[in-house]
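Subject: Model for you to look at

Hello,

Here is the structure I said I would pass on. Please open it first, then read my notes below.

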Amino acid sequence: MIKIRRLKQSDLKSLYKLGLEEWRGERWLTKKFLKQTMRPPGYDFVALDDKNIIGVILVEILDKPKNWIFYFVVEKKYRNKGVGNMLLKTVEKRCLKDSPLLFVDVGVDDKEGNKFYKNHGFKKQAKIKDWFGIGESGIIYSKKFNSK
Ligand SMILES: CC(C)(COP(=O)(O)OP(=O)(O)OC[C@H]1O[C@@H](n2cnc3c(N)ncnc32)[C@H](O)[C@@H]1OP(=O)(O)O)[C@@H](O)C(=O)NCCC(=O)NCCS
């Protein structure tokens, strides 16, 4: 059974390993980037199958009311089974309580990512040229929560 728990600092290695499966060779993916992103304040959770980390979501609380998904990945063999949904829902519950806006940026060509966010109620806000590097546009999505 898949379980969700809060991120621990000692999870760093597993997070990096998950990222390598998806983004090996991309310059932004470093342990330093992950360490910084794991720092509070944020909503950071991992998904576990038994003791193995098979998914992660790292959300930074930038300022009130802005939260931003900086790192979100599920191990390939566990995709399309609802793990990403469980991680996102866990974060969304916290947003609902604390602050109402969740942002994320996705590459224009990332079909899986774009479809996932649209299907989860995110609205496209902007397309920005060179967001992920020269010639690599990004799409910014946001989702609003009706918190108090
Ligand atoms: C985006 C990502 C995190 C989603 O994780 P996931 O665990 O596959 O997500 P889910 O299983 O909850 O949902 C994926 C799809 O599976 C479907 N699904 C969910 N449970 C299912 C089940 N039991 N049986 C069949 N399909 C199912 C969902 O309908 C969903 O479809 P959609 O994307 O069209 O909405 C994952 O694809 C990933 O790691 N991608 C690479 C990195 C990335 O793009 N990250 C996001 C940008 S930062």
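The protein chain holds 4 helices and 7 strands. Helices here are DSSP runs of H or I with at least four residues, strands are runs of E with at least two, and both are numbered from the N terminus. The order from the N terminus is β-α-α-β-β-β-α-β-α-β-β. The chain is as compact as a globular protein of 148 residues, because its radius of gyration is 15 Å, close to the 15 Å of the globule rule. That radius is taken over C-alpha atoms, and the rule is 2.2 Å times the number of residues to the power 0.38. The C-alpha trace spans about 40 × 40 × 30 Å along its principal axes.

This is a predicted model: local features need pLDDT of at least 70, side-chain atom pairs count only at pLDDT 80 or more, and totals for chains, interfaces and linings use all residues. Residues are numbered from 1 along each chain as its sequence is written, and side-chain values use heavy atoms, with hydrogens and water left out.

Confidence next. Mean pLDDT (the predictor's confidence in each residue, from 0 to 100) is 94 for the chain, and 99% of its residues reach 70 or more.

Buried residues make up 42% of the 148. Buried means under 20% relative accessible area, exposed over 50%, partly exposed in between (1.4 Å probe, protein chains only). Of the contacts (heavy atoms within 4.5 Å) between residues at least 6 apart in sequence, 58% join residues at least 24 apart.

Now the loops. Two peptide bonds are worth a look. Pro40 to Pro41 is cis, with omega near 0 degrees. Pro41 sits in the loop between α2 (31-38) and β2 (42-49). Lys64 and Pro65 are also joined by a cis bond, with omega about 5 degrees. Pro65 lies in the loop between β3 (52-63) and β4.

Check two phi values too. Asp50 is not a glycine, yet its phi is positive, about 60 degrees. Asp50 is in the loop between β2 and β3 and is exposed, at 65% relative accessible area. Asn80 has a positive phi near 60 degrees. Its loop runs between β4 and α3, and at 80% relative accessibility Asn80 counts as exposed.

Glu75 is in the loop between β4 (66-74) and α3. Is Glu75 buried or exposed? Buried, at 19% relative accessible area. Beyond residues up to four places away in sequence, Glu75 touches Leu18, Glu21, Ile53 and Ile54.

Best wishes
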